[in-house]
Amino acid sequence: MKILSVVGARPQFVKLAPIAHAMVGRAEHVIVHTGQHYDELMSDVFFRDLGIPAPDVNLEVGSGNHGAQTGAMLAGLESVFDAHRPDWVLVYGDTNSTLAAAIAAVKMHLPVAHLEAGLRSFNRRMPEEHNRVLTDHAADLLLAPTLSAMSHLRAEGLESRSLLVGDVMTDVLYSVRDRVTREGTATPLGLDAGSYMVATIHRPDNTDDPARLAAIISTLAGLPKTVVLFVHPRLRSLAQRHGIALDHGSLRTSPPLPYPELVAAVMQSAGVVTDSGGLQKEAFLLRVPATTIRAETEWTETVDLGWNVLANNVDDIAAAVGRRAPEPTTDEPYGDGHAAERVVTALT
Ligand code: UD1
C-alpha cells in the first residue's frame, strides 16, 4: 500500500506529523511539499521539530495569486502522481495546496482522501471555504474531525463517503504539550507566565483592508495586558506596505514560532486573540480562553463550550478579551488524541 500525502502550508505540516508517525510500518508513505510556504520558520522548522521525514518531492511553487499558485501546483503534481501511482492521495485541510492535489488526483482516477473534511464557515468570501467544499465533493473518502463536520457532509449528500476519525491536531497538540511540560517551557520574550496574551492575524479579511488592519492593531495595542503578536509574513508585508506600525503600546512583536514554542507560549498565556482556525482550537484544548477576530468559526464547539468568543466587530474585541473566565469543561469534541491511527486504518 502506497499513500502519498500532499502538504504545502504551515498548518498542514502540523497535521502531517501524527499521520507520518502512524504510517511507519503500516504503509509506504510518500510526502510531497508543494512549496506554498517556504520560509524556514513557516516550513522547515515544523519538519525538524515534529520529527517528520523530509519531503520526497518539493515543487517549490512559492507565492502568487490564487490561479497562478494553484495552477502551478496542479501541473507539478500531475507528473509526481504519474511517477508514484499511489493507492491513495491524502490531502489536508483547506489551502490552495489541498485543492490542487484533489483536482490533480481525481483527474488521474487516483483515489483521494480528504483529512479534516466537512468543516464549513458558510462564508463564501474565504478562499478556504471554496477549497474545502470543492475538495470534499471531489474526494472519495472524507475523514471528518467532528460530529458537526459529519452533519455538514450528510447535508451535502456525502455521508456514504464519510468517516468520523477525530482531529489529528489533537494528537499532535497533546503529545507536544506533554513534551514541553516534561522538558520545561520558556515564555516568549522572557515574560512572566500569565502576564501576557498571544496574538496572530493573517486572514485576508483582516489584513488586506488597511483601515481594518490599522483598527485591529490599534485595539490590540490598547489592551491592558502585554500582547505578543507572532507576525505571519503576510501581515508583515501588508503592515509595511500600508505604513502600519506593529510594535507599540501593549504590542510586542515576534517572528512566527516553531510549534513546540508556540504551544508553550499559549499554555502560559492569559489568553489568545487570533483569526487562525488552528490556534483558536489549540487554545481550547489547552484550556486558555480565545477571542477570534472573525464573524464565524468552523470550530463551533469552542464557542458553544464558552472558551472562544467571536469578535468580528473591532469595537467588540476589548470587551471579549476582558470577559470572565469560562466554565471548566471535560468535553472532548476534537477526539482523544488517536485520530491518526484511525486515518491510517481507514486507508489501509
Ligand atoms: C495560507 C492558506 C490559509 C492558511 C495559511 C496558514 C490558502 C488560500 N491560504 O494562507 O488557509 O490558514 O496559509 O498560514 O491556501 N509568504 C512568505 N513566506 C512563506 C509563505 C508566504 O513570505 O513561507 C508571504 C508571501 O508574501 C505570500 C503571503 O505570505 O504572498 C501569503 O501566503 P499564501 O501561501 O498565499 O497564503 P497564507 O496567507 O499563508
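Predicted model: local features only at pLDDT ≥ 70, side-chain atom pairs only at ≥ 80, totals over all residues.

Q: How many residues surround the ligand, and which are the closest?
A: Counting residues with a heavy atom within 4 Å, the ligand is surrounded by 19 residues. By class, this shell has six nonpolar, nine polar and four charged residues. The closest are Gln36, His37, Tyr38, Asn96 and Glu128.

Q: Which helices each supply at least two residues of the shell around the ligand?
A: The space that the ligand takes is the largest pocket. At least two residues of the shell come from each of the helices α3 (66–84), α5 (127–138) and α10 (233–241).

Q: What distance separates a polar side-chain atom of His37 from an oxygen atom of the ligand?
A: Polar contacts are taken here as N or O pairs within 3.5 Å, and Gln36 places a polar side-chain atom 2.9 Å from a ligand oxygen atom. An N or O atom in the side chain of His232 is 3.1 Å from an oxygen atom of the ligand. For His37, the corresponding distance is 2.7 Å.

Q: What percentage of the area exposed by the ligand alone does the protein bury?
A: Taken alone, the ligand exposes 740 Å². Of that area, the protein buries 85%.

Technical notes
Residues numbered from 1 in each chain as written. Heavy atoms only, no water. Polar contact = N/O pair within 3.5 Å; in protein donor to acceptor, adjacent residues only side chain to side chain. Areas by Shrake-Rupley, 256 points an atom, 1.4 Å probe, with all protein chains shown as cover. 1 Å grid on protein atoms, 1.4 Å probe; cavity = no way out; pocket = protein on both sides within 12 Å on 5 of 7 lines; lining within 4 Å. Sits in = over half its atoms within 2 Å of the grid points. Helix = DSSP H or I, 4+ residues; strand = E, 2+ residues; numbered from the N terminus. Nonpolar A, V, L, I, M, F, W, Y, C, P; charged D, E, K, R; others polar.
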